[in-house]
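The sequence and structure come first, then my notes.

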Amino acid sequence: MTDVIEVTVTEKNEMNTIKINNLQKTYGLLRKKNIVRALDGVSIEVGKGEIFGLLGPNGAGKTTLIKILLGICRRSGGSAAILGHDIPSVASRKSVGFLPEDIRFPNYMKGRCALMTFGRIMRVPNLRAEVDRHLQMVGMAEAAGRKIKNYSRGMTRRIGLALALLNNPRVVFLDEPTDGLDPMGRRYIRELLMNMKERGKTIFLNSHILGEVETVCDRVAILNRGRVVRVGKVDELTDGGSHCRITVSRADDALDSALSPIMNGYARDGNAISFTVRDESELDRAIDTIRARGVGLRELVQLKDTLEDVFLKTISGENQNGPSGDN
Ligand SMILES: Nc1ncnc2c1ncn2[C@@H]1O[C@H](COP(=O)(O)OP(=O)(O)OP(=O)(O)O)[C@@H](O)[C@H]1O
Ligand SMILES: [Mg+2]
């Protein structure tokens, strides 16, 4: 009789697509003046098929982080790897696409010419057909014969996006992908990102458009002065409680005295009372207290924190209490 050995094959650590460990960057060290600590020990992990959003105020270090990952600028300390290959190395960039924050093309280049030229450098198979497909995909087929220098900002970014995706990358870095795009373009990019995610691509994006980030990203990190100050799933970060506003039939001092000790952030304006709740049982407790006093409910509005609320609270809290930093 033969023994049957059951082997369960689990995929290699799912969080290993992008691995950033204590990354540091100080600008100005060579000349020893105007020293700026742009990254101060950043550690982030991103898994296969995730859409990861990096948020942060201007100058937080978002672009610096992407540039270091892609070997465009040197790190001062720490380490990182993409798809298991340490940066900076050719192997770590092989299956990567990149849309820079401020993409520029040579003055003479036309849209199609740019994609053909860079596509040849990247050795994209079946290039002509792929260029046509990508021009269609970003809505630039009609304008492809015109010079990029005469494009609008949004049109240039669309060509940049086509270029970032042309080599069918497994990991895509997008620095402010929807900056300058019209509402149709933004929606289109959202759909494109979701579609790429479904195909198992990993997307790392920097953005200031928090409403969009909230819609598309699985997880986000908030960077402030070169440090990660919060990281987590969008749902978890926005689950810090919700703000309730209840209009009642009759509010008075007695109702205030009953509710203010038990409800967080209690306030009253005429017959409208407001407070924050962490879960439904807290809301039920408030309603029971109101009804027990013979007061009627007229309207209940419950507002959850948005990612923008979380971002603003986090950054303002950090800047009040946190270290001043170098920059
Ligand atoms: N080449 C450079 N030389 C010196 N300092 C630099 C250089 N590039 C960036 N910095 C500084 O590093 C810090 C981080 O800049 P970075 O461009 O990474 O910020 P960011 O988060 O992308 O900002 P934004 O939201 O405005 O795009 C800033 O203080 C910036 O002035
Ligand atoms: Mg930037």
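Which strand and which helix each supply at least two residues of the shell around ligand 1? I looked and found strand S2 (36–46) and helix H1 (62–69). The model I am reading is predicted.

**Ligand 1**

H1 gives the largest share, 3 residues. I then listed the residues that come nearest to ligand 1. They are Tyr27, Asn58, Lys62, Thr63 and Thr64, out of 14 residues around the ligand. I also sorted the shell by residue class.

**Domains**

I turned to the domain assignment of the chain. It gives domain 1 as 15–237 and domain 2 as 242–304. I looked up the spacing of their centres, taken over C-alpha atoms, and got 46 Å.

**The four-stranded sheet**

I went on to a sheet and wrote down its strand order. The order is S12-S13-S11-S14; the sheet is open, has 4 strands and pairs antiparallel. Which strands are at the edges? Strand S12 (264–269) and strand S14 (297–304) are, as each pairs on one side only. On average it is 15 degrees, with direction ignored.

I then took one pair in detail. S12 and strand S13 (residues 272–277) run antiparallel and are joined by 4 bridges. I followed Asn264 across and found Thr276 in S13 as its bridge partner. What packs on the sheet? I found helix H10 (residues 280–292) there, touching strand S11 (242–248), S13 and S14. The direction of H10 makes about 150 degrees with that of S13.

**A cis peptide bond**

The peptide bond from Ile87 to Pro88 is cis, and I noted omega near -10 degrees. I placed Pro88 in the loop between strand S5 (85–86) and helix H2 (90–93).

I noted a positive phi at Arg123, near 55 degrees, in a residue other than glycine. Arg123 sits in the loop between helix H3 (111–121) and helix H4 (127–137). Is Arg123 buried or exposed? I count it as exposed, because 8 other C-beta atoms lie within 10 Å and the cut-off for exposed is 12 or fewer.

Asn168 also has a positive phi, near 50 degrees, and is likewise a residue other than glycine. I found Asn168 in the loop between H5 and S7.

**Asn167**

I finished with Asn167. Its loop runs between helix H5 (153–165) and strand S7 (171–175). Why does Asn167 count as partly exposed? Asn167 has 19 C-beta neighbours inside 10 Å, and a residue is buried at 20 or more, so the count puts Asn167 in the partly exposed class.

Which residues does Asn167 touch, not counting those up to four places away in sequence? I found Gly97, Met122 and Val124. I also looked up the C-alpha separation of Asn167 and Arg123. It is 8.0 Å, for two residues 44 apart along the chain.

Key: Residues are numbered from 1 along each chain as its sequence is written. Chains are lettered from A and ligands numbered from 1 in the order in which they are written. This is a predicted model: local features need pLDDT of at least 70, side-chain atom pairs count only at pLDDT 80 or more; totals for chains, interfaces and linings use all residues. A residue is near a molecule or strand if its C-beta atom, placed from the backbone, lies within 6 Å of it. Two residues are in contact if their C-beta atoms, placed from the backbone, lie within 7 Å. Domain bounds come from an automatic or database domain assignment. Two strands pair if DSSP finds at least two bridges between them. Axes are lines fitted to C-alpha atoms, for helices over the stretch in contact, and angles run from 0 to 180 degrees between N-to-C directions.
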